[in-house]
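Subject: A protein-DNA model for you

Hello,

Here is the structure I promised to pass on. Please have it open while you read, as my notes follow just below.

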Number of protein chains: 2
Amino acid sequence: MGHEPVTIDELLEQLRGRGQRATTARRAVLEELLAAGEGHLAAEELARRIQTRHPAIHLSTIYRTLDALTDAGIISLARFGDQPATYHLTTDVHHHAVCTACGSTLNLDPAVFEPVRRRLLRDHGFHADPHHLTIAGLCRRCSASG
Amino acid sequence: MGHEPVTIDELLEQLRGRGQRATTARRAVLEELLAAGEGHLAAEELARRIQTRHPAIHLSTIYRTLDALTDAGIISLARFGDQPATYHLTTDVHHHAVCTACGSTLNLDPAVFEPVRRRLLRDHGFHADPHHLTIAGLCRRCSASG
DNA sequence: CTTGATGCAAATGGTTTGCATGTTT
DNA sequence: AAACATGCAAACCATTTGCATCAAG
């Protein structure tokens, strides 16, 4: 479901296909996102992690890298509430349920949304992007304690 | 005339119930959001419209008002892409499909999401908020021209 | 060697906040 | 009168950008 087998080199190759370059910074960003698995990382957190190994890589470079990778469709942006933008590999297809109380997130089986996706297409001609769906609400724990 | 679903005065009464006050600014914000119908308004746009009638109302007051109304559950926040936060009346229940190319939005029948909502509850104990769902994708026009 | 990528610092833009003052209850 | 709300200006913070330098192809 979620993960197809992808290597960093394959992803960097995609970038080269668009006339862009495979640099240390870009490799590092992809490595961290791959290591994060289903997690979502914001630019600052990504920078913090990367800088333990590559102290020279600047935060602004992370931002530019995230832009480039997003434009290439290699990574996807997910926004939770008014927190900073987070990113994950596009190959990691899933949807998000975010608890508005504690901020925890749940990753959902994409199949659940198939009926919705089909209906959007049929009724409105709208092509839903399969990677960007977010539902807000209360997780089990917070709705119990609230 | 049937039963109006909400009046401004009822909404302001809700605020008073929380120990807060019914002021010109708050009334003006609610008036604009009501007038906007299904539209979503950002703080700046809201300020622009309100200031034609109440030039003294400051943008920072709009922000504080939006916070207060959101905390009271009277209005809801919807974020589209990396554009500024937008708000709409909570009573206006609908979901959003947003075109990532042209920014146009589509309001969707909440019934479409019922199966998803039920499944989230049953499988994950997650109580989905019915007002905050956003799907990204390409609208009919942009997917045709793209 | 050519062009894209980076580091740095400075700018941006939406949003928040401290404080003195005005308004609602 | 007591709290809350507001205007204003300044602070904030995530993100972007101009420019000189560096590195990938």
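Let me begin with a strand pairing in chain B: S1(B) is joined by 2 bridges to strand S3 (residues 86-89), and the two run antiparallel. Within that pairing, B:Leu41 has B:Tyr87 of S3(B) as its bridge partner. Before going further, please keep in mind that this is a predicted model.

The sheets

The pairing above belongs to an open sheet of 3 strands in chain B, ordered S1-S3-S2 and antiparallel. Strand S1 (41-42) and strand S2 (75-78) of chain B each have a single partner strand and stand at the edges, so one side of each has no neighbour in the sheet.

Chain A also has an open sheet of 3 strands, with antiparallel pairing and the order S1-S3-S2. Here strand S1 (41-42) and strand S2 (75-78) of chain A are at the edges, each with a single partner strand, so one side of each is left without a neighbour in the sheet. S2(A) pairs with strand S3 (residues 86-89) of chain A in the antiparallel sense, over 4 bridges. One detail there is that A:Leu77 has A:Tyr87 as its bridge partner in S3(A). Helix H2 (residues 24-35) of chain A packs on this sheet and touches S1, S2 and S3 of chain A, with its direction at about 85 degrees to that of S3(A).

How the two chains are related

DNA strand C

There are 21 residues around DNA strand C, and A:Arg21, A:Arg26, A:Ala56, A:Thr61 and B:Tyr63 come nearest. By class, the surface near DNA strand C has 7 nonpolar, 7 polar and 7 charged residues. Of the atoms of DNA strand C within 4 Å of the protein, 64% are in sugar or phosphate and the rest in bases.

Some individual contacts may interest you:
- An N or O atom in the side chain of A:Thr23 is 2.8 Å from a phosphate oxygen of DNA strand C.
- A polar backbone atom of B:Ala85 is 3.0 Å from a phosphate oxygen of DNA strand C.
- A base nitrogen of DNA strand C lies 3.0 Å from a polar side-chain atom of A:Arg64.

The elements giving two or more residues to this surface are H2 and H4 of chain A, together with H4 of chain B. H4(A) gives the most, with 4 residues.

DNA strand D

Around DNA strand D there are 23 residues, of which A:Tyr63, B:Arg21, B:Arg26, B:Ala56 and B:Thr61 come nearest. They divide into 8 nonpolar, 8 polar and 7 charged. Sugar or phosphate accounts for 63% of the atoms of DNA strand D within 4 Å of the protein, and bases for the rest.

Again, some contacts:
- A backbone N or O atom of B:Ala56 is 2.6 Å from a phosphate oxygen of DNA strand D.
- A polar side-chain atom of A:Arg64 lies 3.2 Å from a base oxygen of DNA strand D.
- A polar side-chain atom of B:Ser60 lies 3.5 Å from a base nitrogen of DNA strand D.

Helix H4 (59-71) of chain A, with helix H2 (24-35) and helix H4 (59-71) of chain B, are the elements that give two or more residues to the surface near DNA strand D.

Methods. Residues are numbered from 1 along each chain as its sequence is written. Chains are lettered from A and ligands numbered from 1 in the order in which they are written. This is a predicted model: local features need pLDDT of at least 70, side-chain atom pairs count only at pLDDT 80 or more; totals for chains, interfaces and linings use all residues. Side-chain values use heavy atoms; hydrogens and water are left out. A residue is near a molecule or strand if one of its heavy atoms lies within 4 Å of it. A polar contact is a pair of N or O atoms within 3.5 Å; within protein, one must be able to donate a hydrogen and the other to accept it, and residues adjacent in sequence count only if both atoms are side-chain atoms. Ala, Val, Leu, Ile, Met, Phe, Trp, Tyr, Cys and Pro count as nonpolar, Asp, Glu, Lys and Arg as charged, and the others, Gly among them, as polar. Two strands pair if DSSP finds at least two bridges between them. Contact means heavy atoms within 4.5 Å. Axes are lines fitted to C-alpha atoms, for helices over the stretch in contact, and angles run from 0 to 180 degrees between N-to-C directions.
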